[in-house]
Structures are given as C-alpha cells and as structure tokens.
Amino acid sequence: MDLPAKPRAPGPLSLAELQGRIKRRIREFDPTALLDLLASIGYEPEQIGFRGHLSASPQPSIIHDIELLGRPGGEGSEAEPSGPRVMITVNLGLVSCRSPLPSYLLGLCHDLDVRDPVRELLDMLDRSLLHTRLTADRPARILSSWGDVRLDFLRIHGLDSPMGLRWLFAHVFPELSVRVHRVTDDYRVPFDAARLSFSALGRCAFGDTSRLTVQDIEVTLTTHEALYWGQPWATVAQGRVRRHVLPLLTEVCMNLTVVMLRVGDGSYAYLSEDRPPQPASYMGYDPMVGASSDRDDLPPVRMVLYRGALPLTEPGTEELEQVLVAGHLAHLELTKPEQSQPPSLRTGSTVALSLRYRTKDGHRYDYDVEVRWGARAWYVDEPFEMSLVHAGVPQDPPDPSRHPNLWLRLRDEARTSVADRLAHAAMVDTVLGEAVSLELIEGLIERGDPGALHALSWSRMRPAWDADAWQRFLRWSDG
C-alpha cells in the first residue's frame, strides 16, 4: 500500500502565478487587503482604476472582478497601456444594485440605442467616486507622491521658527510638556592652530578648535515620570526624535538642541551582577538615592537628546549612487548585519543588509538596508521596495529609475544572501555528498521547490555540479 505523500510547503510565486491566483480568488478579497497586495507587487496608486458592476440583484461580495492589463511599475515594454494597468470591478457605485439613481435611468443602460453613451457617462462619474470611497483610509493610496505633498504641508507651518517647531514636537510628544525658545550657544569648530613666526594674529587659535557663538533653537521636553511603558523616557524620546522629527527637517537650515527635563526622581540607580527584574538604570539620569518620597529637594535632571546643525550632513541616496557611477566600488561595503534574523523565504521576503560608506577623507557612515519582495518571488521578480536608514533616520529610498546602480547592487546582494541560505539548507538535507547530483535536482523538482533550485545556481557557495544535474536544471528552467 502506498503511503500518502507528505504535503508540500508552498514556495514563492512568480508574478504570473500570483496574478493568476488573485484573478481566481478575487471575490474573497476585502478592498483594503487587495490594495495592499497590489502595492506589494509594485502597482502604483495611479495605475489602479475602479468601475461599477451593472446588476439589479444583490451580490455576495464587494469586489466582483479584476483585470490585470499590464505589468506593475515601469516594467515591461513600451507597449504597456498608458491608463490604468489594473481595473477592479466592484458591486458599488451608480450602476450597481445599491445605486441611488432612479430605475428608469438605470433602464437606459439596457437600451440597445443609448446604452453605450449612458454607460460611458456613468462610468466616468463612478471612477472618481469609487476611487475616493475605496482609498479614503490612506492618502498614500491616492497619490504615489504623498511624501512630497506632506513636505509641502510641513513647509506651510514654518518649521524653522519656534512656533512651527512647537507644533511639530507637540504632535510627536503629546504626553509631554513642550517649550521652544531661541538661545545663543557656543560651538567648537576646527581652526588653524597658532605657529611661531608663521601665523598672523586674529587668523589662528591656541589649539585645533575655536569657539563660535551661534543662534540656536532649543526644544525642552518636560516629564514627571522616569519610565514610559517600562523603558526610560530618554531612550524613547531619542528614538522618536530620530525616527519622526529629523526626517521632516531635511530642508531646514538651523541649529537645533533637544533637551529632556525630568522633574522628580521616579527611580534610582542600582548595581547588580545579574539582570534585575526592573528596567535598566543609567548613571547621570537616575540618582543614587531612594525614591522621590524620600527626597523632594533633588534638582531636575537635564539630558540632551540631540544637538547639532540641520540639515543632517550624512551622505544621502543620491551621493551613494554617484559613488557607484564614478566607479569607486571599494568605498561601499555590503555585509549581513550581526545577529540578524534569517530572511523569510516565502511570500513577504525581507532581507536585512548593512551598508558601510568610507569617504576619501576617512569618514565612515553605516546604513541599515532592507530589501522587500512582498508577495513576489525573490528569484524571478524585482523587489517592490528598499529602505535605507542611517542612525535611525530614514533616507530617500533607492529607486530603480533614479538610482539604478545602487538598486541593482542592493538587489543582487539580497538575492545572493537568500540563495546562500537556501543552498546551504538544500546541501545539508542531502546525504549525497558535497556535489549537486542529478538525484538531488530530481528530488527538488519533484518536491516543487523552485527557490532551492535557483539558489543552488546563484549561491556564493558555488557547489560542484554534475554534468547530468546541470543539464536537467537547464531543461527544467527552460520549461
């Protein structure tokens, strides 16, 4: 008696297979989930259109049908349609069973003499109504350039003024009291050192730096609590400044100081060899005394969360692209981050990388990179998104049209990282030796594991291939 076959784990899908599944199961989708899936594949908001389904009877689902008229993004040939590349038919709108129009007007949609112009008119009115209704949950669904629109809104608030900064910090820190005022501050800047019989008085300094007084804007965040959900407030606040505030000040030229003022001592420092059950304490932030009930005369604790000039001076995505265009490949080093989680090899693949840029003058900048394939297969399709973060501050994401060299290098390194792990797993599971044998290839084909098959040919491990195994792989890939 034959034993039942072991169920196979679903592998990553190619773009054509994924589109076919969407088409077959379209009536099971919620509109929000469908739009998220289309975005993960790579379809831009302006490439998605909506129309109503002409019906007089109630329908079992909101979404009725979908037409995939072209490839996502800028992929494909010049023959791609200039209009919507995805047309979603829904059971809503002016021609649906829920139509607010009178029945005699809907009856014209079935009249052979006038149905075409009437339907065209109603579809034209429906396009904007349905688009607004089904994408109102997120503005980014309406405009692919929503990030630029947000920056325009921020410019209106004048973020280079105390009033504009107070508005911004009050939204980022609704739990804290915010005070913004102008101050004068002293900065140490590099300067020519004085040398005997060489330097002129007034053009040198006694030392390598000189003190420069500048106008500054200081933001003071006041709290009466030491912890925020079990974490020190200073750590939480510094993370918010890096993630939410500094990216919005990329076009502001000023000196900014962000200070946290903690009134009262809600916790105290301690020394322990073992990991304590309480949250970590920090010297200089937590006093080495009892709780506030014991001491009420302690001065407020002042911690500087950020102090420097804006905009930030680290190289952005455009500069990294120019480094590759100029051929300075040795200045950019890509590695896998330490203690990183292994990438998911099914749908929703995300690969983490570390990018290090060394300038000619010896400065070093480290970036955290994530390459995401979303619902697309890593070995067939392009990733739908990449992110670049320096010291917690998101940079302009690499774009295949604006940063082709950087995009290709990050994509290839991410693919190789996935291929290395899959190839290692495939070779470990087999007992057929270190070479890729015909039996191994036949087993992977029978198991339906295209990711492992492609990984064996792309991996940096470069395992040895038998001639028969390589010919079988070529026949499989061509078929």
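Ala, Val, Leu, Ile, Met, Phe, Trp, Tyr, Cys and Pro count as nonpolar, while Asp, Glu, Lys and Arg count as charged and the others, Gly among them, as polar. Keep that sorting in mind for the views below, which all come from a predicted model.

**View A. The largest cavity has a nonpolar lining.** Rolling a probe the size of a water molecule over the atoms shows where empty space is left. Searching the whole structure turns up one cavity of 30 Å³ or more, and the largest cavity has a volume of about 30 Å³. Who lines it? Look for Pro31, Leu34, Leu35, Phe50, Ile63, Ile88, Val90 and Leu134. Two elements, α2 (31-41) and β3 (86-90), each give two or more residues to this lining, with α2 giving the most, at three. Sort the lining by class and you get eight nonpolar residues, no polar ones and no charged ones.

**View B. Helices α10 and α11 cross.** Here α10 (residues 438-447) and α11 (residues 450-458) have axes that come within 8 Å and cross at roughly 145°. On the α10 side you'll find Leu440, Ile441, Leu444 and Ile445, which meet Ala452, Leu453 and Leu456 of α11. This contact counts seven nonpolar residues, with no polar and no charged ones.

**View C. Helix α8 has a buried face.** Which residues of α8 (residues 317-325) are buried? They are Thr317, Leu320, Glu321, Val323 and Leu324. Looking down the axis of α8, these buried residues fall within an arc of 155°, so they line one face of the helix. An α-helix has 3.6 residues a turn, so residues three or four places apart point the same way. Following α8 comes Gly327, with a positive phi near 85°.

Methods. Residues numbered from 1 in each chain as written. Predicted model: local features only at pLDDT ≥ 70, side-chain atom pairs only at ≥ 80, totals over all residues. Heavy atoms only, no water. Axes fitted to C-alpha atoms, helices over the stretch in contact; angles between N-to-C directions. Helix = DSSP H or I, 4+ residues; strand = E, 2+ residues; numbered from the N terminus. Contact = heavy atoms within 4.5 Å. 1 Å grid on protein atoms, 1.4 Å probe; cavity = no way out; pocket = protein on both sides within 12 Å on 5 of 7 lines; lining within 4 Å. Points joined across faces, edges and corners; volume = space filled by probe spheres on them. Buried < 20%, exposed > 50% of the residue type's maximum accessible area, 1.4 Å probe, protein only. Arc of directions from axis to C-beta.
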